[in-house]
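Subject: Structure for you to look at

Hello,

Here is the structure I promised to pass on. Please open it next to this email, and my notes follow below.

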Amino acid sequence: MSNRRKQDIPTYYDLPALNTPHWDWRVSAYIFAAGLGGGTQLLAALGELLPRREGQSISRKGRYISLLSALVSAPLLIWDLKTPRRWYNMMRIFRITSPMSFGSYLLTGFGAFSAMTALGQWTADRGSRLGDRLARLAQWPAALFGAGMSCYTGALLSATSNPLWAAAPRLLAARLAASALATGAATLSLGETLSGRRRNSSRLEGIAALATSASLFLSLWSSRLYRRKGVHEAMEEQDIAAREKAALLVGHGVPLACYALARLSGRRSDTLSIIASLSTIAGGYMTRDAMLKGGLRSSRRPRDYFYIAGRGRD
């Protein structure tokens with residue numbers, strides 16, 4: 001089939017070969033919140049490597065934001081599953097080869113360790129040395145789970161038979177991981193800017209700029225690979241293409257332009273920093289929403305499915 005033209009592939013009355021998932025904004029929001037939380041938890045751990053006074057501010061905000069993301073993402077996932085019983089059933093069995101099983105335990109572990117770091121931080125803020133030790137002890141396991149949270153949703157989507165998501169599974173996971181780190185760094189940078197900690201904000205902006213550049217490169221590479229794999233038409237439909245272009249502009253173009261302007265001016269601008277952070281955060285959600293909507297549209301295209309099934313995945 002690899003040498004066969006896509007338009008010549010037979011279908012069953014041109015009807016979809018797959019059942020399209022009934023996923024809406026809840027799944028987009030879940031994937032976004034999970035990635036942002038994972039990114040901030042990673043950066044909270046890296047804050048431990050900075051001088052205590054400077055790093056403590058980053059770690060403190062990262063721990064609280066990560067817990068908030070876990071408190072948001074878990075209910076969104078359970079809500080999308082329609083009944084909490086499905087969540088409980090997923091916890092009965094652990095299968096490393098099942099993204100759903102692995103992801104359920106990953107989300108549970110991330111939430112548990114994020115709660116421990118946030119609880120330790122909350123008591124440390126009130127003068128408890130024991131709380132500070134608890135936060136430091138739980139920080140690195142939380143960061144490990146955070147790293148998994150930043151990219152596992154890519155494995156979850158690409159494990160399906162959806163042509164768009166299955167076409168380049170490793171690239172999809174890398175793209176989500178870069179976006180997660182960018183949104184996490186942007187969120188922490190926004191908090192540091194509003195707190196008047198410009199030095200920390202500049203450090204985080206550097207991380208956000210690198211991660212955003214990587215995300216842009218991976219997004220453009222994805223588009224090229226989807227075209228080569230023959231599953232690009234779904235992303236080129238008018239409404240999906242508009243979402244993708246808006247995500248690239250808001251999530252990549254605006255923040256990178258702000259970082260470049262600040263660098264060229266030779267002085268720091270809080271206004272540019274805030275605009276860049278907010279754009280990166282908004283663009284992170286828009287990127288996931290466009291990717292999700294494009295995948296759902298791809299599942300309704302029978303020739304996409306048969307073509308990618310014949311050629312195989314990367």
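Is Arg268 buried, partly exposed or exposed? Arg268 is partly exposed, with a relative accessible area of 24%. Keep in mind that this is a predicted model.

Arg268 has a partner. Its side chain meets the side chain of Glu205 in a salt bridge, at 3.0 Å from N to O. The pair links distant parts of the chain, 63 residues apart. Glu205 sits in helix 8 (residues 198-229). Arg268 sits in the loop between helix 10 (238-265) and helix 11 (270-298). Glu205 has a relative accessibility of 13%. The cut-off for buried is under 20%. Glu205 therefore counts as buried.

Now the overall picture.

The protein chain has 12 helices and zero strands. The chain has 314 residues, and 47% of them count as buried. Look also at contacts between residues at least 6 apart in sequence. Of these, 79% join residues at least 24 apart. The accessible surface of the chain comes to about 15,300 Å². Carbon and sulfur atoms account for 62% of that surface.

Next, the other charged pairs.

Side chains of opposite charge can pair when their charged atoms come close. A search of the whole structure finds 15 salt bridges. One of them joins the side chains of Asp125 and Arg60, at 3.0 Å from N to O. Asp125 lies in the loop between helix 4 (99-124) and helix 5 (129-158), while Arg60 lies in helix 2 (residues 52-80), so the pair ties together parts that are 65 residues apart in sequence. Asp125 is partly exposed, at 33% relative accessible area. Arg60 is partly exposed too, at 34%.

Which residue does Glu237 meet in a salt bridge? The partner is Arg297, and the N to O distance is 2.5 Å. Glu237 lies in the loop between helix 9 (233-236) and helix 10, and Arg297 lies in helix 11, so this pair ties together parts that are 60 residues apart in sequence. Glu237 counts as partly exposed, at 22% relative accessibility.

Salt bridges can also share partners. Glu48, Arg63, Asp132 and Arg136 are joined into one network in this way.

Start with Thr187, in helix 7 (residues 169-194). Which residues does Thr187 touch, leaving aside its neighbours within four places in sequence? Thr187 is in contact with Leu36, Ile65 and Ile281. Its relative accessibility is 15%, and Thr187 counts as buried.

Then turn to the surface. Leu46, Leu49 and Trp140 form a nonpolar patch there. Together they have about 340 Å² of accessible area. Trp140 lies in helix 5. At 45% relative accessibility, Trp140 counts as partly exposed.

A short tour, if you want one:

- Find Glu205 and Arg268, and look at their salt bridge.
- Go to Asp125 and Arg60, which also meet in a salt bridge.
- Look at Glu237 and Arg297, at 2.5 Å from N to O.
- Finish at the patch of Leu46, Leu49 and Trp140.

Best wishes

Terms used. Residues are numbered from 1 along each chain as its sequence is written. This is a predicted model: local features need pLDDT of at least 70, side-chain atom pairs count only at pLDDT 80 or more; totals for chains, interfaces and linings use all residues. Side-chain values use heavy atoms; hydrogens and water are left out. Helices (H or I, at least four residues) and strands (E, at least two) are DSSP runs, numbered from the N terminus. Buried means under 20% relative accessible area, exposed over 50%, partly exposed in between (1.4 Å probe, protein chains only). Contact means heavy atoms within 4.5 Å. Accessible areas come from the Shrake-Rupley method with a 1.4 Å probe; for residues, only the protein chains shown count as cover. A salt bridge is a side-chain nitrogen of Lys or Arg within 4 Å of a carboxyl oxygen of Asp or Glu. Patches are made of residues with over 30% relative accessible area and no salt bridge: like charges are joined within 9 Å, nonpolar side chains (Val, Leu, Ile, Met, Phe, Trp, Tyr) within 5 Å.
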